[in-house]
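Have it open beside you as you read.

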Amino acid sequence: MSTSGELDLAYGVLDHQLVDSEGRRCGKVDEIELEGKAGAELRVTALLVGPGAWRGRLSGPFAWFAGRLFARKVIRVPWDVVESVEAAVHLGKTASELGLGRDDDRWRKRIARVPGS
Amino acid sequence: MKRIFEVALGILAAIGGFVDIGDIVFNTAAGATFGYGLLWVVVLGVGGIITYSEMCGRVAAVSKQPVFDAVRERLGLGTGLVALVAAQIVNLMTLAAEVGGIALVLQLLSGLPYRALILLGVLALAVVIWVLPFGWIERVFGYVGLCLLVFAVAAIKLHPDWGEVAKGFVPHVSTESPLVYGYFAVGLLGAAMTPYEVYFYSSGAVEEGWTPKDLGINKANAIIGYGLGGFLSFALMITAGALFLPLGIEPELLGTVALGAEIPLGQIGLILALVGTLFAVGGAAIDTCFSGAYNLAQFLGWEWGKYRGGAGAPRFTITWLVLLALGFCIVMTGIDPIMLTEYSVIFSVVALPFTYIPILLTANDKSHMGRYANGRVANTLGIFYLLVILAVSLSAIPLMLLTNMGQG
């Protein structure tokens with residue numbers, strides 16, 4: 001957040017790290033959802049997370065590859081869950097409550113079986 | 001007192017951790033080809049790695065942002081992705097070169113077949129990474145890597161012409177074969193400023209939970225640790241210049257490099273040189289392996305870090321395992337690790353601006369850094385080195401092609 005208290009969405013929020021209420025890293029702000037129309041007031045309604053959200057921002061060969069490599073999954077994090085915006089965007093709920101970090105959860109169980117993990 | 005001791009240990013680890021296979025190959029080859037004439041380039045490169053390590057360590061301590069977090073924030077998704085792909089390719093090449101280097105040294109020590117030793121080396125690395133805590137990994141490899149100081153003793157024993165050595169520290173350009181000289185200069189800069197060093201350094205600062213209170217340690221590690229690390233590079237180059245240049249030997253094998261310590265110091269010199277190389281290269285293999293996993297996780301926002309435990313950061317853990325396996329496969333094809341090293345160093349120079357620009361921007365951002373943002377000295381040095389890097393990255397590949405990789 002800038003010192004004047006204004007929030008720069010493009011540089012201060014988009015592409016920043018998301019950290020949940022327990023300090024867990026749980027994705028990036030891949031896209032920002034706005035509500036409103038031309039000439040009227042715009043309002044941030046949600047942060048969008050996941051390959052389905054960032055795929056649309058790419059062009060050329062990257063877009064083609066991303067379309068084949070990743071699922072279209074998008075997770076919507078309502079803006080009112082955002083507690084603070086610093087170098088990372090801090091959320092007021094846990095990743096599991098918001099449906100974030102599911103892939104890490106899935107792999108966690110398998111890795112936990114290896115001794116010493 | 002305890003604090004001073006901790007700082008000293010960190011510095012020692014940084015000295016031992018500075019040298020990797022790229023430094024060994026380029027410093028020895030440069031010494032064997034141009035004597036002491038390129039020593040000033042090492043000083044320039046060490047200044048660059050100090051400047052940018054200090055900056056990215058400070059950013060990590062203050063805003064908790066490691067390099068690829070800053071890359072995505074500053075360069076955006078598209079350009080950031082180009083930077084990520086470039087970094088990952090170079091990093092994997094470096095990892096493979098280091099793994100090959102481990103096997104070559106093990107072969108010199110044991111005489112066992114090369115491919116079996118690649119497997120043994122990779123398995124040993126995997127176990128060490130899995131079992132040892134982060135701080136231990138850095139220290140064990142850093143400390144034993146200090147055996148490379150044997151080259152400093154060797155350099156003195158070889159009685160180089162110190163007047164000539166001193167002249168080597170004065171910036172100049174060779175008129176005899178300027179292109180080959182330029183190629184080695186680019187390689188030495190690339191080897192000193194290898195990008196994985198800053199990825200690893202900044203993520204390591206987050207791993208160790210640095211806060212603004214640790215900024216003193218950050219400065220000491222970067223300036224004294226990497227500064228003295230450069231001293232090992234001088235020793236390698238002076239040894240090669242005093243021994244190989246007069247004999248007309250081109251050190252194309254790691255065994256030849258170790259001869260630089262054996263000839264003046266006997267068997268004990270040889271063993272110290274090989275053990276030092278083994279741990280320096282082994283430590284670098286772990287650093288590059290982690291760096292690849294840090295970069296991907298930080299770019300995509302995954303949980304990461306050795307401090308989280310294997311299951312605490314699952315996709316990060318899988319990524320380093322996969323990278324280690326890929327490195328293994330690359331070396332098993334039989335590709336020459338020394339040649340791979342040369343390519344990885346030259347290509348890393350091309351990818352460097354993508355890494356340095358976001359660090360410089362973030363370290364300057366008062367909204368993230370507050371009163372710890374870059375001062376005038378850090379910015380002057382930062383911009384100076386950015387210009388050096390841009391010039392070097394533009395000339396790296398043309399020089400490589402024109403000189404047939406330094407063969408003239």
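Entry one, a helix pair. I looked up helix H7 (residues 150–157) of chain B and helix H12 (residues 254–265) of chain B: their axes come within 9 Å and cross at roughly 55°. Axes here are lines fitted to C-alpha atoms over the stretch in contact, with angles running from 0 to 180 degrees between N-to-C directions; helices are DSSP runs (H or I, at least four residues), numbered from the N terminus. H7(B) and H12(B) are therefore oblique to each other, since angles under 35 degrees count as roughly parallel, over 145 as roughly antiparallel, 65 to 115 as roughly perpendicular and the rest as oblique.

I then listed the contact (C-beta atoms, placed from the backbone, within 7 Å). H7(B) brings Val150(B), Phe151(B), Val153(B), Ala154(B) and Lys157(B), and H12(B) brings Gly260(B), Ala261(B), Pro264(B) and Leu265(B).

A note on provenance: this is a predicted model, where local features need pLDDT of at least 70, side-chain atom pairs count only at pLDDT 80 or more, and totals for chains, interfaces and linings use all residues. Residues are numbered from 1 along each chain as its sequence is written, while chains are lettered from A and ligands numbered from 1 in the order in which they are written.

Entry two, Leu188(B). Skipping neighbours within four places in sequence, I found Leu188(B) in contact with Phe26(B), Asn27(B), Ala30(B), Leu38(B), Val41(B), Val42(B) and Gly45(B).

I found 26 residues from chain B and 26 residues from chain A in it. On the side of chain B that touches chain A, H4(B) gives the largest share, 7 residues. Helices H5 (114–131), H14 (314–332) and H16 (366–369) of chain B each supply at least two residues there.
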